[in-house]
There are 2 protein chains.
Amino acid sequence: MKKVYVLFSGGKDSSLSALLLKNLGYDVELVTVNFKILDTYRYAQETADILKMPHHVEFLDREIVERAVEIILRDGYPARGIQYLHRRVIETLADKYKVIADGIRRDDRVPRLSHSEIQSIEMKKNIEYINPLIGFGHRTVKYLVDRYFILSQGESEHILKSDYESEIRALIRAKGKDPRDYFPKHTQSRVIGLKKGEITWALQDHWGKS
Amino acid sequence: MKKVYVLFSGGKDSSLSALLLKNLGYDVELVTVNFKILDTYRYAQETADILKMPHHVEFLDREIVERAVEIILRDGYPARGIQYLHRRVIETLADKYKVIADGIRRDDRVPRLSHSEIQSIEMKKNIEYINPLIGFGHRTVKYLVDRYFILSQGESEHILKSDYESEIRALIRAKGKDPRDYFPKHTQSRVIGLKKGEITWALQDHWGKS
């Protein structure tokens with residue numbers, strides 16, 4: 001079966017995305033992007049162990065996140081900067097991997113590549129880029145996440161997660177600014193366990209009969 | 001587990017959509033829409049038997065397809081009429097079912113509801129509408145379909161399938177017009193078997209060890 005590399009933060013969306021592709025029969029490997037600003041990737045490593053899926057960290061050029069932070073500081077809000085960063089990450093991974101996926105959902109505004117950006121990357125780099133959750137709305141994702149995962153939830157300032165935001169916040173802080181002036185207060189979550197009793201026949205062979 | 005009603009033509013996309021949701025643990029029931037113009041739903045019935053999933057036919061008001069054909073005859077091409085028909089079908093099923101899915105793919109231009117149309121239907125009718133394949137591109141869908149299904153392929157004029165197009169073509173013919181003047185020549189396919197040897201661990205409990 002084909003190998004798919006899933007961009008992985010340890011959060012509920014990228015975990016559900018990985019589970020969906022695993023259930024379709026893909027050979028899933030989780031990839032956490034890091035810019036060597038914080039070692040937040042170790043939270044994703046822990047969640048990957050819980051999911052029993054192979055995982056590695058991809059260290060990318062710090063210039064990408066520096067540029068994203070410049071955009072965020074100039075704009076005063078994070079949308080365009082995060083969008084820029086995600087597109088650069090996909091483009092960079094596309095030089096290395098043939099099939100790439102992420103956990104973007106239908107109701108996410110950013111990061112989100114347009115249909116023509118996706119087609120352009122797929123053609124130029126001869127890869128496949130999959131958004132397994134982009135046809136799933138908020139309620140549907142919540143239902144599936146609640147069914148399969150145990151979450152640790154909290155304010156995005158405090159939650160220990162390996163997403164772009166942690167390193168962006170650190171870099172903003174390093175520049176003497178307060179990230180809270182740029183990021184609206186919002187809740188983040190990380191997968192810290194599986195609800196084994198809820199795992200259906202579809203998942204039993206992978207995680208063992210419960 | 002929640003029940004999901006998957007709009008089902010017997011084609012590769014709706015079959016793959018059903019398989020994806022089944023693998024996520026949903027209790028899948030296949031639904032074929034029919035307007036009592038042709039009894040094409042029996043082809044979907046055959047494919048549903050092959051997938052070993054429950055299936056029923058939903059007979060909807062003929063006025064819906066009559067109106068779609070009016071739009072197509074006026075436009076000279078089928079896009080807007082099919083779009084209209086699909087939206088009416090979703091709205092009608094939303095009065096009856098809590099979770100509805102279809103097989104629309106990322107690279108389909110029609111039928112396709114906009115993000116705001118989807119949110120409006122979900123809110124107004126208090127339902128969930130899922131497009132499981134809308135994050136999957138042409139090559140990815142082709143890979144998964146080839147992996148799981150045996151297809152019968154042919155010109156859309158001849159292929160025996162239970163999609164909207166068959167009844168729309170019949171209605172255009174009944175009005176003394178030639179459907180080939182409205183539909184561009186294109187290939188259709190129907191799922192006529194499973195590649196059992198290729199079915200992975202994820203599917204074994206459902207279809208039996210091969």
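Me: Why are α3(B) and α7(B) called roughly perpendicular to each other?
Reply: In this predicted model, the axes of helix α3 (residues 62-75) and helix α7 (residues 164-174) of chain B cross at roughly 70°. Angles of 65 to 115 degrees count as roughly perpendicular, and α3(B) and α7(B) are therefore described in that way.

Me: What makes the contact between α3(B) and α7(B)?
Reply: The axes of the two helices come within 10 Å. On α3(B) the contact is made by B:Val65, B:Ala68, B:Val69 and B:Ile72, and on α7(B) by B:Glu167, B:Ile168, B:Leu171 and B:Ile172. The crossing of α3(B) and α7(B) is right-handed.

Me: Why do β3 and β5 of chain A stand at the edges?
Reply: The open sheet of chain A has 5 strands in the order β3-β2-β1-β4-β5, with parallel pairing. Strands β3 (55-59) and β5 (128-130) each have a single partner strand, so one side of each is left without a neighbour in the sheet. From one strand to the next, the twist averages 30°.

Me: How do you know that β2 of chain A and β3(A) pair?
Reply: Pairing requires at least two bridges; β2 (residues 27-34) and β3(A) pair over 5 bridges, in the parallel sense. For A:Val33, the bridge partner in β3(A) is A:Glu58.

Me: Which residues have the most contacts inside the largest nonpolar core?
Reply: This core has 103 residues, and those with the most contacts inside it are A:Val6, A:Ala18, A:Leu21, B:Val6, B:Ala18 and B:Leu21. Leaving aside residues up to four places away in sequence, B:Val6 touches B:Ser14, B:Ser17, B:Ala18, B:Leu21, B:Val28, B:Leu30, B:Val31 and B:Ala101.

Terms used. Residues are numbered from 1 along each chain as its sequence is written. Chains are lettered from A and ligands numbered from 1 in the order in which they are written. This is a predicted model: local features need pLDDT of at least 70, side-chain atom pairs count only at pLDDT 80 or more; totals for chains, interfaces and linings use all residues. A nonpolar core is a set of buried Ala, Val, Leu, Ile, Met, Phe, Trp, Tyr and Cys residues joined through C-beta atoms within 7 Å. A residue is buried if 20 or more other C-beta atoms lie within 10 Å of its own, exposed if 12 or fewer, and partly exposed in between; C-beta atoms are placed from the backbone. Two residues are in contact if their C-beta atoms, placed from the backbone, lie within 7 Å. Helices (H or I, at least four residues) and strands (E, at least two) are DSSP runs, numbered from the N terminus. Axes are lines fitted to C-alpha atoms, for helices over the stretch in contact, and angles run from 0 to 180 degrees between N-to-C directions. Angles under 35 degrees count as roughly parallel, over 145 as roughly antiparallel, 65 to 115 as roughly perpendicular and the rest as oblique. A crossing is left-handed if the near helix is turned anticlockwise from the far one by less than a right angle, and right-handed if clockwise.
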